[in-house]
Amino acid sequence: MTKVQVKTKRIARVSQGDIFRDIECIEYVAEKRGIIEVSKLVFPLVVVLTQDCDLEQDARYRSKSGKKPKNHDKKLFSVLVAPVYNAAQVFLGQHLSDVEMTMTEIPETATLGKMLMQNERPRYHYLNFPDDIPIVPSIVDFKHYLSVSVIYLEKARPKKFVCRLSTLFREDLSLRFAGYLARIGLPDIVAPSKALPSATSPAPAAAFPADRSIDTH
Amino acid sequence: MSRERQQPFKSDYAKDSSAPTVGREEAIPPVVPLTYVKGTETPAVGKPHGNDKPYRVKIRGKISRD
């Protein structure tokens, strides 16, 4: 599998393809009788998916130098990120075990695992990092994505930036994510009964049963 | 449309008789400072630092309305 190319020098703003560590996501905040509970998920690694031009325009509002835009038309509330999971744990279906989730095992040496590592499975994106980057082979699951406050990410950026995918590789990730998100879920169409209808037999079953499921790859 | 539907964010504060009222409506919650008094942080499963699996942290604390 081809290794991705990355840059380790961060630029002056959040950029598409940036990889950050230990990013927190607020799951919920609840208050009852004066007791407040905050539940948050901490993701060891995430990659930024928001379009880079949007991030570039948003950064103008936060820049200390340069002319600020006249209005807030291009300002963002949040940045879209996707968790980056340890590939070995994904193959075992154990990458979310600490949040009480058991995932499907994907045999690494079987066809499904090999297809995943070739980025031929639409749901997943395999990332193999260069040797000088302290990240093990990883997988992005396009079913998992979250928004992170721009302000939070800007503050966390100096300490939590790990590296940035080079342009070609970030475009590959972005395009595959967009393609997966834009997929059309089709119902499982049940084939009609093979028996020939007789004059006394009931009408054939509906082609779309009530409990039809949606194919989500 | 019912009165309840017009106030989807009506909170328990509105039931407080000391809450200020505005005009004929009574559902404007008072603005009170919330002070974080004491919180307990649930230890994360596994290693909080250096762990390569996502984990959950819950923080509980009492808030004061003084």
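This is a predicted model: local features need pLDDT of at least 70, side-chain atom pairs count only at pLDDT 80 or more; totals for chains, interfaces and linings use all residues.
Leaving aside residues up to four places away in sequence, A:Tyr145 touches A:Leu49, A:Leu80, A:Val81 and A:Ala82. A:Val190 is another story: it is 45 residues from A:Tyr145 along the chain, and the two C-alpha atoms are separated by 32 Å.

Now for chain A as a whole. Its secondary structure comes to five helices and 10 strands. Of its 217 residues, 25% are buried. Take the contacts between residues at least 6 apart in sequence, and 67% of them join residues at least 24 apart.

How do the strands go together?

| Strand pair (chain A) | Bridges | Residues facing each other |
|---|---|---|
| S2 (residues 18–32) and S3 (residues 35–48) | 12 bridges | A:Glu31 and A:Ile36 |
| S3 and S4 (residues 78–86) | three bridges | A:Val47 and A:Ala82 |
| S4 and S6 | three bridges | A:Val84 and A:Val140 |
| S5 and S6 | four bridges | A:Leu127 and A:Ser138 |

Read down the table and you can walk from strand to strand: S2 pairs with S3, S3 with S4, S4 with S6, and S6 with S5. S2(A) and S3(A) also form a hairpin, with two residues between them. In that turn, A:Arg33 has a positive phi of about 50 degrees.

A:Asp22 lies in strand S2 of chain A, and it counts as partly exposed because it has 17 C-beta neighbours inside 10 Å. A:Asn119 is another residue other than glycine with a positive phi, near 55 degrees. You'll find A:Asn119 in the loop between helix H3 (111–117) and S5 of chain A. It is partly exposed, with 16 other C-beta atoms within 10 Å.

Next, the inside. The largest nonpolar core has 39 residues, and the ones touching the most other members are A:Val46, A:Val47, A:Val81, A:Val84 and A:Val140. Which elements of chain A give two or more residues to this core? They are S2, S3, S4, helix H2 (87–92), strand S5 (124–127), strand S6 (138–141), helix H4 (150–160) and strand S8 (161–165). S3(A) provides the largest share, six residues.

Not counting residues up to four places away in sequence, it touches A:Gly17, A:Ile19, A:Val81, A:Ala82, A:Val84, A:Val140 and A:Leu173. Among these, A:Ala82 is also the bridge partner of A:Val47 in S4(A). Two others, A:Val84 and A:Val140, stand opposite one another across S4 and S6.

Finally, chain A has a neighbour. Where chains A and B meet, the contact takes 19 residues from chain A and 16 residues from chain B. What kinds of residues make up the side of chain B that touches chain A? They divide into seven nonpolar, three polar and six charged.

Technical notes:
Residues are numbered from 1 along each chain as its sequence is written. Chains are lettered from A and ligands numbered from 1 in the order in which they are written. Two residues are in contact if their C-beta atoms, placed from the backbone, lie within 7 Å. Ala, Val, Leu, Ile, Met, Phe, Trp, Tyr, Cys and Pro count as nonpolar, Asp, Glu, Lys and Arg as charged, and the others, Gly among them, as polar. Two strands pair if DSSP finds at least two bridges between them. A nonpolar core is a set of buried Ala, Val, Leu, Ile, Met, Phe, Trp, Tyr and Cys residues joined through C-beta atoms within 7 Å. A residue is buried if 20 or more other C-beta atoms lie within 10 Å of its own, exposed if 12 or fewer, and partly exposed in between; C-beta atoms are placed from the backbone.
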